[in-house]
Each structure stands twice: as structure tokens, then as C-alpha cells.
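Reader: Could you walk me through this one as a tutorial? I would like to learn how to read each feature as we meet it.

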Amino acid sequence: MSTSGLRVVWVYPDLLSTYGDQGNVLVVERRARQRGLTVERVDVRSDQPVPTSGDIYLVGGGEDRPQRLAAERLRRDGGLQRAVDNGAIIFSVCAGYQILGHEFINDLGQREPGLGLLDVISVRGGGERCVGDVLADVDETLRLPQLTGFENHQGLTQLGPGVRPFARVQFGNGNGTGDGTEGAWAGTVFGTYMHGPVLARNPQIADLLLKLTLDVNALPPVDDRWYEALRAERIAAATQAA
Amino acid sequence: MADSAQPLSARARLAVTAGKAAAAVSRAAGRGSGSVIGGRVALKVDPDLLARLAGHLDVVLVSATNGKTTTTRLIAEALRAGGEVVSNALGANMPAGITSALSAGSEARFGVIEVDEKYLAGVARDVSPKAIALLNLSRDQLDRAAETRMLAERWREGLQGSKATIIANADDPLVVWAASSSPNVIWAAVGQEWKDDAWSCPSCGGVLHRPDDVSWQCGECGFGRPAPSWVLSGDSVLDPHGTPWPIQLQLPGRANKANAATAAAVAAAFGIHPQVALQRMQAVAAVAGRYDVVSHQGRDIRLLLAKNPAGWLETFSLIDPPPTPVILSVNARSADGTDTSWLWDVDYGRLAGHPIAVIGDRRLDLAVRLEVAGVDFRVCQTLEEAIAQLPPGRIEAIANYTAFQDLRRTVGN
């Protein structure tokens with residue numbers, strides 16, 4: 001982290017911000033400020049270069065055509081890959097998650113190369129679209145409580161040996177490949193299908209991103225009353241729906 | 001037009017009768033107006049009924065993400081200056097509801113029809129409208145609706161070669177994209193506060209540039225804002241000659257001025273003078289409960305509907321300033337869309353300074369949203385509790401679709 005404070009970069013709000021993805025940015029910002037950190041938020045539009053000196057990069061969900069445009073522009077730009085080389089953290093959701101992999105199926109039905117930052121490949125599912133509340137257990141090495149989120153995707157994501165599943169679903173589809181996995185992570189790069197937005201439903205993940213950035217094991221507590229109430233309600237809803 | 005000016009066939013008359021009977025049964029059973037079930041039964045008996053009913057009318061279709069019910073009402077008021085109007089005034093805007101509404105008006109000259117955005121192309125094919133008003137397109141119910149740009153694409157394909165006069169909002173790039181394939185478009189610049197569904201060019205995918213508050217253009221292919229004939233300018237609408245006509249409404253807010261400006265342009269296409277049209281629109285005080293001020297538990301409450309981020313944005317700009325108390329109510333039932341992520345596209349920070357109470361099925365989603373926005377709020381179980389908690393003054397109650405219906409039921413509206 002630079003002396004000027006925490007740099008939070010929101011990648012391509014003009015293309016990848018369809019499902020309230022700004023919420024993830026707002027939650028990270030808010031929880032960092034509550035811990036006394038100075039936060040600089042950088043919104044990068046798709047005709048601007050991605051800065052390489054950010055601390056946390058958030059990449060959101062989007063519709064099929066904007067997803068292809070975003071992948072094309074991010075590949076050409078190269079900034080996100082350099083940021084990871086610099087040790088930055090990337091947290092990606094849905095369409096953004098697919099872009100970070102090796103390839104996905106674009107709106108024209110063709111295989112579109114991704115950024116190769118996660119060892120995953122996404123294909124188009126033949127069945128019904130995965131829509132609804134999800135409940136999952138996060139990879140135990142991350143020491144996080146249960147994951148609650150809302151999924152809404154047609155694509156399925158297969159994990160390669162270079163990543164670990166971010167979570168294992170109890171209710172819902174997650175990666176959708178039938179192996180019970182949800183999302184993927186490796187080093188400082190994370191991907192998930194969860195909307196909600198996921199950091200509003202799971203503020204402990206936002207705190208994990210902050211802890212990794214600050215290289216600390218703990219953060220001062222904040223008032224999580226409403227987050228906890230919402231979590232309890234959504235976990236119960238996902239359980240009942242199943 | 002199908003069977004224009006011909007009396008309805010025996011089959012069509014039977015269909016209308018069967019539909020009315022089904023609606024009456026539904027009403028008697030306490031299941032609402034019965035217009036949708038009635039329309040379904042009628043269309044079963046005669047699948048071409050919608051085309052036949054519309055064949056007798058000069059029809060205008062109204063579609064949009066937001067403002068279609070209100071604009072339909074304003075156009076209906078304006079056209080009554082020229083003859084009897086039949087309209088689906090209660091917002092039943094899919095083919096069955098539309099059929100049912102048209103069955104009621106055999107003597108009418110004009111049909112003013114609100115159409116769900118997903119059904120516009122089909123209804124436009126069936127009823128051969130004289131005019132189509134397109135107001136705006138933005139994200140709404142993402143868990144079940146088509147992607148916003150795909151809707152624009154479907155409009156574009158459906159309207160290609162349409163004989164109708166299209167009255168379209170020049171300030172919404174998605175609407176311009178949808179309308180610009182039609183041979184006969186009248187552009188009305190009525191504004192669109194929400195811009196976050198149109199940063200990429202609907203035509204080529206390039207980034208749209210917005211050098212000022214008004215203009216927009218694609219940096220790559222040059223697709224841009226067309227020169228408008230009608231312009232909303234403050235409290236007036238300028239007609240194609242540049243003559244300003246004052247808009248005086250009982251309905252509040254900028255968005256309703258935009259709706260009225262569009263309605264004036266539509267009325268002009270039917271030969272109704274803007275002054276006459278706008279004067280008639282002044283009579284509208286509330287539309288299907290929206291903007292109604294009701295009295296409940298000794299307090300005045302204004303009922304405001306906001307279904308999606310664009311709608312909330314327009315609603316925030318019309319509520320009374322702080323310290324006016326505000327109730328927010330959000331549900332996520334199937335008619336609302338079951339994903340609440342959209343709450344994070346709404347800038348709730350704009351409510352700072354208002355005493356706020358949140359209710360509805362998804363009040364906890366609202367609570368986290370407001371907590372992160374850094375504004376104070378109270379979470380309440382019921383409307384009654386919310387009213388009791390809020391300081392004196394007229395309450396602005398903003399709710400999404402089914403939450404709004406719940407509110408109306410609770411206050412007996």
C-alpha cells in the first residue's frame with residue numbers, strides 16, 4: 001500500500017457493472033475508512049488505461065456483449081496482468097470471473113480468450129440458467145464464514161490444477177459443472193459467481209482483501225449488526241428454498 | 001389494418017362476451033379487476049381478436065422501462081379533446097390485458113395502449129398503430145428480463161419498416177438505436193437522468209462520449225444524438241417551430257414533465273394542439289395510485305413507485321427536501337425480480353438529512369445499503385410502526401412494485 005492510502009480500482013464500470021457491482025466497491029471503501037484508512041477510489045472506463053499501481057481491483061458482472069468488449073480491451077491494455085505481477089489483489093464476479101480465466105464463450109458463440117490470471121475455462125451451459133440464492137462453505141484455508149450470494153449465469157466454469165475452489169455449494173449451482181465447486185482462487189486473484197453484491201452479503205471477504213493488502217492478521221472490529229441480520233435471513237432463505 | 005371499420009365478426013363478438021364473463025367471475029371471486037383472465041379467455045376464442053378490436057381505432061402504443069403508465073394516461077387525456085378514448089389505464093400491459101381493455105370501448109375513436117417492453121414488437125404487428133411513443137430503456141428485473149440492449153435490438157427489428165410515426169426520446173441512446181431503423185421518427189428531447197445503461201454504443205460497442213449534459217456521441221462510429229423536433233426545456237416544451245408551451249401538472253417531478261412533453265408530441269401527431277393537450281393533462285392528479293396523497297393513522301403519506309435504479313433516481317429528485325420523513329419499502333417477489341443487487345446502483349446517499357424508516361420483505365438489504373451509504377435509518381416491521389417512529393410532516397413513501405401494491409392495500413387506496 002502506498003503512503004497516500006489504499007487504492008481501490010473499479011475496472012470498467014461502463015461495461016461490467018450490471019448487477020449492482022458498485023456495491024462491492026462501496027463496501028470495501030466503507031470498511032477501509034471505518035478502520036481509519038485513507039481510500040483513493042479509481043474508476044477506470046474501458047477507453048482508459050488500467051493503472052498498475054492499485055492495491056485492490058474489483059471486476060464486476062456484465063451482459064454478454066459488454067463482456068466480450070471488456071475482454072478485448074483488457075487483453076489489449078495488459079494493465080491488470082501487470083498489477084497482479086506487482087502483488088495487487090483482484091476480486092472478480094460472474095462475467096469478470098470468466099474474463100480472468102483462459103477463455104469463455106462470447107455473445108457470438110465463439111471461444112473468447114481471457115486474461116489467464118486464473119486457471120479456469122468457462123463454457124456455455126446447455127441447461128437452464130442458474131438463478132437464485134446460494135449457500136456455500138468457503139475454502140477452509142481462507143478461514144471465512146459461510147458464503148451467501150445470488151447467482152444468475154448461463155456459463156459453467158471448469159477449474160484447472162492451478163486454482164482452488166473458492167467455496168463448495170450447499171444450495172445452488174456455483175460453477176455449475178456438477179462438482180459442487182463455487183468460484184476459484186489462486187494467490188491474490190479471486191473469482192466468484194455470487195452477486196448480492198457478494199461483499200455486502202459477506203463483509204468478511206471484504207475484510208480478507210483488506211488484510212491481504214495490509215499484510216495483517218486482524219482488523220479492528222466494526223458494527224456488523226445489519227450485515228449479520230441480512231446474512232442470517234439469506235442463509236435461512238437459501239436453506240428453505242432447497 | 002385488419003377488417004377496418006367492419007363490424008366485429010360473430011366469433012369476435014363471442015370472444016368479447018366470453019372474456020367479459022370470465023372477468024366478471026374473477027372479480028366476483030375477489031381476484032382483482034379480472035382484465036387479464038378476461039383477455040386470455042377472449043384470445044383463446046379468437047386469437048386475432050386484438051387485431052380486430054384495434055382495426056376500428058386510431059392506435060398509439062406507449063412503451064418504456066419507466067413512465068409508460070403515466071404517459072399513457074396523459075396521452076389519453078389529451079386525445080379525449082378529439083374523441084372517445086379506450087385505454088388500458090390500469091397498467092395491464094401484455095396482450096391479454098390489452099385485449100381486455102379494448103373490448104370495453106366499441107364506440108371509441110382512439111386506442112391509447114401501454115405495452116410491456118418485451119411485447120412491443122408483437123403488439124405493434126397486431127394492431128397497426130398510427131403512432132408509437134418510446135420513452136426510455138434501462139436495467140430492470142435482471143434475473144428474468146432480457147438484457148437491456150437486447151430489448152433495444154428487438155424493438156429495432158420489430159419496428160423496421162413500421163408505418164407508424166415513432167415519437168422517440170433523443171436523449172436515450174438505446175431508444176435512439178431502437179427507433180432509428182424506422183422511416184418515420186419524430187425525435188423528442190425529454191431527458192434521461194439515468195445514464196449507466198448507455199455508456200457503450202448500441203451500434204458498434206465503442207465508448208459513448210458525453211461532452212456536456214445534453215449531447216452524446218460514439219467515439220468510434222459516430223452514432224449520436226439526433227436533432228430533436230420537440231424539446232423539454234425547463235417547465236416548457238418547445239414544439240417543432242420552437243414555440244414554448246408551458247407544462248403545468250399536478251403530477252410532480254422532472255420525469256413527469258418529460259412524460260407530458262412526449263404526450264404533447266404524440267397528441268400533435270393526432271392533430272391535437274399542444275396548448276389543448278397540455279391543458280387537459282393538468283387534470284391528472286394520480287395514476288393507478290402513484291403520487292396519491294393518502295391519510296393513514298392521522299398522517300399524510302405520498303405514495304411513490306420506483307421499480308429500478310432509473311426510477312429511484314427520478315423519484316429522489318422530486319421528493320420534498322429534508323427534514324421531510326421518508327419510508328422506503330422493497331420486496332423481491334417474482335414480479336419485482338428476485339435479485340436485490342440493483343439497490344447498489346441507487347445512490348441512497350442522496351437521502352442524507354431525511355429521517356428514514358425501512359420496511360418491506362427485503363428491509364435488511366435496504367438496511368445494509370443505507371449503512372454503507374452512511375445515512376441514518378430505522379428498520380421497522382410494519383407501515384404502522386414506521387409511521388409511529390417518524391417525526392411529524394407529510395411522509396414520502398417510496399416503494400418498488402409489489403411493495404407499492406402492499407402499501408396501497410394497507411392504507412386502503
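Reader: Happy to start with chain A. How many helices and strands does the secondary structure of chain A come to?

Author: Some ground rules come before the count. This is a predicted model, in which local features need pLDDT of at least 70 and side-chain atom pairs count only at pLDDT 80 or more, while totals for chains, interfaces and linings use all residues. Residues are numbered from 1 along each chain as its sequence is written, with chains lettered from A and ligands numbered from 1 in the order in which they are written. Helices (H or I, at least four residues) and strands (E, at least two) are DSSP runs, numbered from the N terminus. Chain A has seven helices and 13 strands.

Reader: What is the radius of gyration of chain A, and what does the globule rule give?

Author: The radius is taken over C-alpha atoms, and the rule is 2.2 Å times the number of residues to the power 0.38. For chain A the radius of gyration is 17 Å, close to the 18 Å that the rule gives for 242 residues, so chain A is as compact as a globular protein of that length.

Reader: Why is strand E10 of chain A described as largely enclosed?

Author: A residue is buried if 20 or more other C-beta atoms lie within 10 Å of its own, exposed if 12 or fewer, and partly exposed in between, with C-beta atoms placed from the backbone. Four of the five residues of E10(A) (residues 155-159) are buried, so the rest of the structure largely encloses this strand. Across chain A, buried residues make up 53% of the 242 residues.

Reader: Which strand pairs with E10(A), and in what sense?

Author: Two strands pair if DSSP finds at least two bridges between them. Strand E7 (residues 120-124) of chain A pairs with E10(A) in the antiparallel sense over five bridges. Within this pair, Ile121(A) stands opposite Gln158(A).

Reader: Now a loop residue, please: is Thr52(A) buried or partly exposed?

Author: Thr52(A) lies in the loop between strand E2 (39-44) and strand E3 (56-59) of chain A. Thr52(A) counts as partly exposed because it has 17 C-beta neighbours inside 10 Å. Contact means that the C-beta atoms of two residues, placed from the backbone, lie within 7 Å. Leaving aside residues up to four places away in sequence, Thr52(A) touches Gly79(A), Arg82(A), Ala83(A) and Asn86(A).

Reader: Lastly, how many residues does each chain give to the contact between chain B and chain A?

Author: Chain B gives 23 residues and chain A gives 30 residues. On the chain B side, helix H12 (residues 363-373) gives the most, with six residues.
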